[in-house]
Amino acid sequence: MIQKVKGTYDVLPSETSKWQALERTIRNVSRIYNYREIRTPMFEQTELFHRGVGEETDIVSKETYDFMDRGNRSNTLRPEGTAPVVRSFIENKLYADKNPVQKLYYMGPMFRYERPQKGRYRQFAQFGAEAFGSDSPMLDAEIIGYAVSVLKALKITDVSVNINSIGEEESKANYKEALINYLAPDISSLCSDCQTRYQKNPLRILDCKVDKDSDVLKNAPKPLDYLTEESKAHFVQVIGYLDSMGIDYKIDKNLVRGLDYYTHTVFEVNANLETLGAQNTICGGGRYNNLVSSLGGPKTPGVGFAFGLERLMFALESINFLGDPDYLHLYLMILGDDLKVEGTRILNRCRLGGLFADMDYLDKSMKAKFKQAEILNARFVAIYGEEEHQAKMINVKDQESGQEVKVPLDQLYNYIVAELMKPAHSCSSCSEDSCDSCGSDECDCDSEEGTCNCGGK
Ligand code: AMP
């Protein structure tokens, strides 16, 4: 049997409703912040990632899926979303759009040839946002607020934001020099990854997970101490706007993030949930004022973030996020071969009217059919047999109340719609949806008083 590729996974129908609810929430919050979706291809020319983003970044050393196409061109499955969005922004001249501030989001699969483990896959999904065209600190704060709002909308409330600034090019260059000089005598005492980073991307040493508690790193110079006045002012304003929006944050002086195209603000959003353990960073981002120009576009500032959606799913599991329930409005049972043509017509009419409807295809026993209706969570079961056919009627059972009625065949759709429009639960005497005191829909009512008389139990 052929099995799925290592590091990939299937989302089965029992799980897709959760993914759909997650995606819908993300889209709703994106609409609120006025970010519009951009969809770029799943693969790009290899050089976009290898030369464009810079050989020194972690993404490239994290390995990409590169392949030669039949025309002998090297293509790469996208390992992240920012470079493709920037490529599209430049190629489609979005910088010349009527709206000079382009706020975009993307959602979809990314591919990295990494060692698979819990929460780490070779195909995984990211949701990310990028805002181009303004270097206002308001936009840095907005993008952080947007990320936090996505989590809040998903009812993940125990969230913390870590933020830092590495400044623009001048601050970064000054800091890099100071760091290299500081580390020079001790570099051999750090892990092998740090020794590679020392040559290629020294800033990344600062948030090394292996050496983070060593005295060498604890006492290392911090980017915040090397900011130019301009960079400092930017950071102070970002913090001020976060305060004004009531967003909690912690300044993490060691935060640098993996990609070396960042300038000014870098941040991570953590969800403090047991299921995530040490991998509780579900969103990371920052400002990148030179990426558009380094990929051949006009000098255009940008700021963005990316969420790992599988990690977000893990987080949602621990708060029992259920997604949309599977259900049907109608399950049709046709009793007899001669009635199948007419039965199919009835079902089709209900579907054309928008009802979620299905039927029994297996000619099994009545008991098995009812079992199936239950499995499919059908609110109404319609039974169409010889007797109903003769009378031009159809038998309809409300699976919720147990009530059974015969309705004229051509009224089936109207009947079900009218029933569905009624309040979900009705007390037997009053018209309350449910008891005001106990919330139950089953308690008796004092119809004279017009209130439920459960005594508030
Ligand atoms: P990055 O683009 O490396 O900054 O990653 C952004 C987010 O994507 C991370 O915080 C993870 O949640 C997620 N992520 C990165 N790599 C993987 C992977 N191999 N499998 C699953 N999620 C990933």
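**Notes on the predicted model**

1. F43 is partly exposed, with a relative accessible area of 42%. This residue belongs to strand β2, which covers residues 43–45. Together with M42 and F67, F43 forms a nonpolar patch on the surface, and the three residues share about 260 Å² of accessible area.

2. Which residues are closest to the ligand? They are R112, E114, Y121, Q126 and R257, out of 12 residues that surround the ligand. Sorted by class, this shell has 2 nonpolar, 4 polar and 6 charged residues.

3. A backbone N or O atom of Y121 is 2.8 Å from a ligand nitrogen. In the side chain of R120, an N or O atom is 3.3 Å from a nitrogen atom of the ligand. For Q126, a polar side-chain atom lies 3.0 Å from a ligand oxygen. The ligand taken alone exposes 480 Å², and the protein buries 90% of that area.

4. Is Y121 buried or exposed? Its relative accessible area is 19%, so Y121 counts as buried, the limit being under 20%. Y121 sits in the loop that runs between β5 (102–111) and β6 (123–132). Its C-alpha atom is 8.1 Å from that of F111, and the two residues are 10 apart in sequence.

5. P79 is also found in a loop, here between β4 (74–77) and α4 (82–91). P79 is buried, with a relative accessible area of 0%. Although P79 and M110 are 31 residues apart along the chain, their C-alpha atoms are separated by 5.0 Å.

6. How many salt bridges does the structure hold? There are 21. In one of them, the side chains of E37 and R27 meet at 2.7 Å, N to O. This pair links distant parts of the chain, with E37 in strand β1 (residues 36–37) and R27 in helix α1 (residues 13–32). E37 is partly exposed at 29%, and R27 is likewise partly exposed at 29%.

7. Other salt bridges lie within a helix. R87 and E91 meet at 3.0 Å, N to O; both are in helix α4, 4 residues apart, or about one turn. E374 and K371 meet at 3.8 Å, N to O. These two residues are 3 apart in helix α13 (residues 366–375), so about one helical turn separates them. E374 is exposed at 55% relative accessible area, whereas K371 is partly exposed at 48%.

Methods. Residues numbered from 1 in each chain as written. Predicted model: local features only at pLDDT ≥ 70, side-chain atom pairs only at ≥ 80, totals over all residues. Heavy atoms only, no water. Near = heavy atom within 4 Å. Polar contact = N/O pair within 3.5 Å; in protein donor to acceptor, adjacent residues only side chain to side chain. Areas by Shrake-Rupley, 256 points an atom, 1.4 Å probe, with all protein chains shown as cover. Nonpolar A, V, L, I, M, F, W, Y, C, P; charged D, E, K, R; others polar. Buried < 20%, exposed > 50% of the residue type's maximum accessible area, 1.4 Å probe, protein only. Patch = residues over 30% accessible without salt bridge, like charges linked within 9 Å, V, L, I, M, F, W, Y side chains within 5 Å. Salt bridge = Lys/Arg side-chain N within 4 Å of Asp/Glu carboxyl O.
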